[in-house]
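Me: I'd like to go through this one with you, piece by piece. Could you take some questions once it's on screen?

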Amino acid sequence: MSYSTTVALANPAFPPNSNSKLRNPQNRKELISLLQKCRHCQIPQIHAKIIRNGQDQDPFIVFELLRLCPIDYASKVFRRTQSPNVYLYTALIDGFVSSGHYMDAVRLYFEMVNEYIFPDKYVITSVLKACGFGLAVEESRQVHAQALKLGLSSNRSIRLKLTGVYGKCGEFESARQMFDEMSESDAVAATVMITSYADHGLVDEASGVFGRLREKDTVCWTAMIDGLVKNGEMNRALEVFREMQRENVRPNEVTLVCVLSACSQLGALELGRWVRLYMEKNKIECNYIVGGALINMYSRCGDIDGAVEVFSRMKERYVSTYNSMIEGFGMHGKSTMAIEMFQEMMERGLRPNSITFVKVLNACSHGGLVELGFEIFHSMTSSHGIQPQIEHYGCMVDLLARSGQIEEAYNFIERMKIKPDHIMLGTLLSACKIHGNLELGDRVAEMLVNCNDADSGTYVLQSNVYAASGKWKEAAEVRALIKEAGTPKEPGCSLIEVNNEIHEFLLGDIRHPKKENIYRKLEELNPVLKREGYSPATQVVLHDIDERQKEWALAIHSERLAICYGLISTKPCTTLRIVKNLRVCNDCHSMIKLTAKITKRKIIMRDRHRFHHFENGACSCGDYW
């Protein structure tokens, strides 16, 4: 889309109403004051009074009307205004931007230019903001050209907006050109570039800008931490935060939310607890945003009691707060408490949203509450007027599949009004493998392959189904397809926090500096486990190798290496907390139960689906996960 870019370079002829002698300036002040104090529902009455007084063309009063009215009403007021000046255009453009009508703001700007109204720096920064949100790169170039003609391109605010809009649109050559023309010590400009690079996954480029800046303010540090978190670089994000502390830069609430998010992903409970202590020491308010981040951190780091404590102390509780607690209870297998939290929320007059139902249905799935899950699912439309989306249907398939009702889950998909996605079908395929329904697994695998959005995990699942039924040739063919496509399987990875440091382990990992001690501990455990009744479930090793090799393949799973490191690195009776990126296999689940019993430890593991609290030879999931 292109617009005329004619710009009057001479001094503009101001609209008559901006220079005319206005009657009753005292009355004007009263009306403006009345507008500023009124509620939206009172605006039409005040506007009627303005019209009766003959002041509906007073630019000062119209300006306040445009600023305060809902956008639809403001548009009608503007269209009834004779010869609007640049300030009135700016007010309505700002209104469009605030309401999310970005391209309407852009169109209004070019309408103003075509009316030969002289743009100033304020309207240019406003329309560039709209261009950024609307990703309107061509329109922003036209505005840039106008700024050059008008001699406004050297204005810092305009340069910052241009840097931002080019960065948001991925035009990094133009963004970098604008950035390089500003002062090297400009922390705000650097923050804009860091955010732009990070939003496009260019973490190294963002780090380069950050590293070259000598004096960084809190916002700049926060932008770098946030960018790393959004791109999955959790360890680097925490390292930047530690550097921020060494530089004695005080974090704000946004910084702490970013850090807590990184802690949640890594399972870094001790650092998360330190953040909370820092907040209390520095009297940082625990509002509903920070409180929600704390609840998520405690829940995802295995300390559900800590999450409950934060929730109980919060003065403000919104739907999002309850959603976090429902999710936390569900992940930890406390399905009944999740349902009670759901009911409490409604008793307090808070209306559940679409996200609430995803959380509570997941909680039903983790607890095997099939009938209650269907009751809640049907209440979405009957009681709350919320139409189920693909994620809600996915929860129901998961609920049936986890409880072993594989055929019912398949029939549920067949009856759905919407097309299943690869996540839903992958859930069912995984359940077919777990519950041994390989015939249905073959059918679901074919459905998945015919899905245009099937990913590498889909093919891995299909290969595993073939391998589980002894079809090694077919399994090998599917894995060959994965290799040809260049989409490798996501490797199993386990994390453990020891002495405020996160240690990462992969399958058969030999990178750790204490690898000899780790494997020695592993060898010590194996015979003790077998004396306690452990028998390696070699049938879950879906490769055509001999039994001894299968036993070793099981023994070196990433979570076992993480546990062994925890055993040699912590005091006796210390709780071990493990985070794994994949579902824990049946064999490792059995092994960890016995390890907790033998070592008299509590082992808390978060896998892809839920938390497992291992203690005294048992698991909180009741072997249902």
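Me: Is Ile289 buried, exposed or partly exposed?

Reply: First, a caveat: this is a predicted model, where local features need pLDDT of at least 70, side-chain atom pairs count only at pLDDT 80 or more, and totals for chains, interfaces and linings use all residues. Residues are numbered from 1 along each chain as its sequence is written, and side-chain values use heavy atoms, leaving out hydrogens and water. Buried means under 20% relative accessible area and exposed over 50%, with partly exposed in between (1.4 Å probe, protein chains only). Ile289 has a relative accessible area of 47%, so the answer is partly exposed.

Me: Which residue caps the N-terminal end of H18?

Reply: H18 covers residues 288-300; helices here are DSSP runs of H or I, at least four residues, numbered from the N terminus. Ile289 is found in that helix. Its backbone nitrogen lies 3.0 Å from a side-chain oxygen of the cap, Asn287.

Me: Which residue does Asp587 meet in a salt bridge?

Reply: A salt bridge puts a side-chain nitrogen of Lys or Arg within 4 Å of a carboxyl oxygen of Asp or Glu. Here the N to O distance is 2.2 Å, and both Asp587 and its partner are buried. The partner is Arg560.

Me: And how far apart in sequence are Asp587 and Arg560?

Reply: Asp587 sits in helix H33 (residues 586-599), Arg560 in helix H32 (residues 558-569).

Definitions and conventions:
Helix = DSSP H or I, 4+ residues; strand = E, 2+ residues; numbered from the N terminus. Expected span 1.5 Å × (residues − 1). Polar contact = N/O pair within 3.5 Å; in protein donor to acceptor, adjacent residues only side chain to side chain.
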